[in-house]
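This report goes through one protein chain, beginning with the whole and ending with single positions. Please keep the sequence and the model open while reading.

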Amino acid sequence: ALDFDSHHQSQINNTTSVNEFPPCDMSFSEYTPCQDTQRGRKFDRNMLKYRERHCPTKDELLLCLIPAPPKYKTPFKWPQSRDYAWYDNIPHKELSIEKAVQNWIQVEGDRFRFPGGGTMFPRGADAYIDDINELIPLTDGSIRTAIDTGCGVASWGAYLLKRDIISMSFAPRDTHEAQVWFALERGVPGMIGIMASQRLPYPARAFDMAHCSRCLIPWHKYDGMYLIEVDRVLRPGGYWILSGPPIRWKKHWKGWERTQEDLKQEQDAIEDVAKRLCWKKVVEKDDLSVWQKPLNHIDCIASRKTYKTPHICKSDNPDAGWYKEMEVCITPLPEVSSSDEVAGGAVEKWPARAFAIPPRIRSGSIPGITAEKFKEDNNLWKDRVTNYKHIMSPLTKGRYRNIMDMNAQLGGFAAALAKYPVWVMNVVPANSNPDTLGVIYERGFIGTYQDWCEAVSTYPRTYDLIHAGGVFSIYQDRCDITHILLEMDRILRPEGTVIFRDTVEVLVKIQTITNGMRWKSQIMDHESGPFNPEKILVAVKTYWTGEKKRKQKE
């Protein structure tokens with residue numbers, strides 16, 4: 001244990017001098033600060049804006065620790081967690097009752113079981129994915145990143161993982177309580193999110209495939225704005241898959257309790273928007289419809305003579321995805337010189353894709369990042385993960401499953417972990433320069449933009465390990481670091497681990513605060529030895545839970 005206490009003094013923005021943080025009241029056990037249903041009620045219900053991110057004001061920020069439920073247990077280890085979760089960790093039976101017929105989730109004694117059912121996959125998600133695989137190639141490595149809009153408990157994403165496809169699944173915090181929470185508890189990537197009035201927090205050309213299964217998003221409304229947003233985040237040549245209303249309405253209309261005219265009109269409207277986006281309808285078979293985005297915009301630009309709307313956006317950052325309003329215009333693709341060229345450059349098939357030079361770097365579009373620097377970064381992370389192994393051991397046994405990299409840069413940490421049974425949410429701080437999230441997706445990993453002065457779009461206790469490299473040096477002048485640490489505590493599960501990398505001054509300050517948060521921690525030397533000014537702080541959140549509410553005496 002190294003002692004740096006009195007030798008280093010530096011001022012860091014930390015206004016709150018609390019030594020010990022008390023637990024918050026048990027009523028905050030499931031608190032999601034920026035998706036708080038009470039606060040949401042004050043906002044516009046039009047376009048479901050009230051379910052978007054609405055974060056607490058400074059004076060609403062809590063200075064207490066979010067408690068786990070009284071009987072909280074360590075989640076099942078992956079791969080068992082795909083199918084089981086402890087009832088005590090997420091005490092919500094609503095979905096098992098509401099969605100009983102659809103087989104989303106079942107309660108078995110002290111645990112939930114996820115049979116892999118879904119509204120549109122009565123034979124289970126696995127068989128449903130096999131059906132998709134007969135229409136488009138899911139197993140040859142050409143499709144790696146997916147997005148599931150309105151995902152339920154994310155069984156689609158859960159069963160894609162065994163096919164080496166990683167899906168960003170999102171759903172709002174709504175009346176189907178805790179859907180995304182179940183996804184994360186299962187060890188499946190997910191975020192709280194919604195298609196409302198703002199762009200999704202992802203860069204352009206991120207996903208090889210997008211999916212909606214009875215996701216209740218009004219694709220045909222608002223001049224096709226939501227499909228236009230799917231188009232922005234789809235890679236050139238990427239697929240959009242739709243099942244549920246209005247697809248196959250001739251068979252299902254009675255069960256959906258809608259008129260045939262209404263459903264036909266909706267499907268015609270969706271087909272029309274897809275055409276205007278220059279998508280090609282690949283196939284409609286049984287309950288599934290598949291469209292494909294063009295490889296480039298050569299023909300699409302020419303077709304604007306026929307289709308006046310939507311126009312192609314003028315000057316805009318296609319990757320801007322943090323509190324950015326959606327627009328009714330097509331995000332332009334990078335220019336190409338021939339009609340069979342992939343706009344922005346083709347990516348390798350997975351798994352070669354993880355370490356191949358990403359097109360955004362190859363083309364020189366990320367200032368200051370060359371192919372050489374990319375290779376150096378990969379070697380650096382290989383060494384770091386080798387060094388971390390004694391901290392994070394054993395990586396192969398499933399103790400760590402959900403990992404968050406708070407400052408992911410080029411995704412080197414995620415790439416170095418790719419061979420282990422873990423997944424990484426790669427976070428690129430909003431308004432970073434350079435913005436590297438597009439590179440991370442080109443490598444076949446997933447992530448999101450995030451401003452660390454605000455809370456994350458996730459439930460409490462959803463990550464096993466958080467990596468914070470240089471985050472506090474970036475944010476120490478922007479906001480009070482105490483609130484960033486309290487947010488990390490909220491999203492970290494009991495006995496979860498945090499690895500900080502920063503200067504000694506910053507780490508000493510962090511340690512002072514986390515000592516009052518029931519974390520145990522130790523500062524260690526940098527991999528290259530004691531003379532490197534950057535050090536490592538490893539912290540573990542101790543196991544503790546909230547207390548049961550005492551019943552009032554009669």
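## Overall fold

In the protein chain, residues 24 or more positions apart account for 70% of the contacts with a separation of 6 or more, where a contact means heavy atoms within 4.5 Å. This is a predicted model, in which local features need pLDDT of at least 70 and side-chain atom pairs count only at pLDDT 80 or more, whereas totals for chains, interfaces and linings use all residues. Residues are numbered from 1 along each chain as its sequence is written, and side-chain values use heavy atoms, with hydrogens and water left out.

The protein chain holds 16 helices and 17 strands, these being DSSP runs numbered from the N terminus (helices H or I, at least four residues; strands E, at least two). Its radius of gyration is 24 Å, close to the 24 Å that the globule rule gives for 554 residues, so the chain is as compact as a globular protein of that length; the radius is taken over C-alpha atoms, and the rule is 2.2 Å times the number of residues to the power 0.38. Of the 554 residues, 58% count as buried, that is, under 20% relative accessible area with a 1.4 Å probe, protein chains only.

## Confidence

The average pLDDT of the protein chain is 92, and 93% of the residues score at least 70; pLDDT is the predictor's confidence in each residue, from 0 to 100. Over residues 4–10, however, pLDDT stays under 50, and the model has 8 contacts beyond four places in sequence for this stretch. Where pLDDT is low, the predicted coordinates should not be read in detail.

Within helix H3 (residues 125–133), Ala125, Ala127, Tyr128, Ile129 and Ile132 are buried. The buried residues of H3 pack against helix H4 (155–160) and against strands S7 (207–213), S8 (234–243) and S10 (288–292).

Leu138 lies in the loop between H3 and strand S4 (145–149), and this residue is buried, with a relative accessible area of 1%. Leaving aside residues up to four places away in sequence, Leu138 touches Ile129, Ile132, Asn133, Ile143, Leu160, Arg163, Ile165 and Met209.

## Asn89

Asn89 is found in the loop between strand S1 (84–86) and helix H2 (94–98), and at 1% relative accessibility Asn89 counts as buried. Not counting residues up to four places away in sequence, Asn89 touches Pro69, Lys71, Tyr72, Lys73, Pro75, Trp181 and Glu185.

Terms used: Buried < 20%, exposed > 50% of the residue type's maximum accessible area, 1.4 Å probe, protein only.
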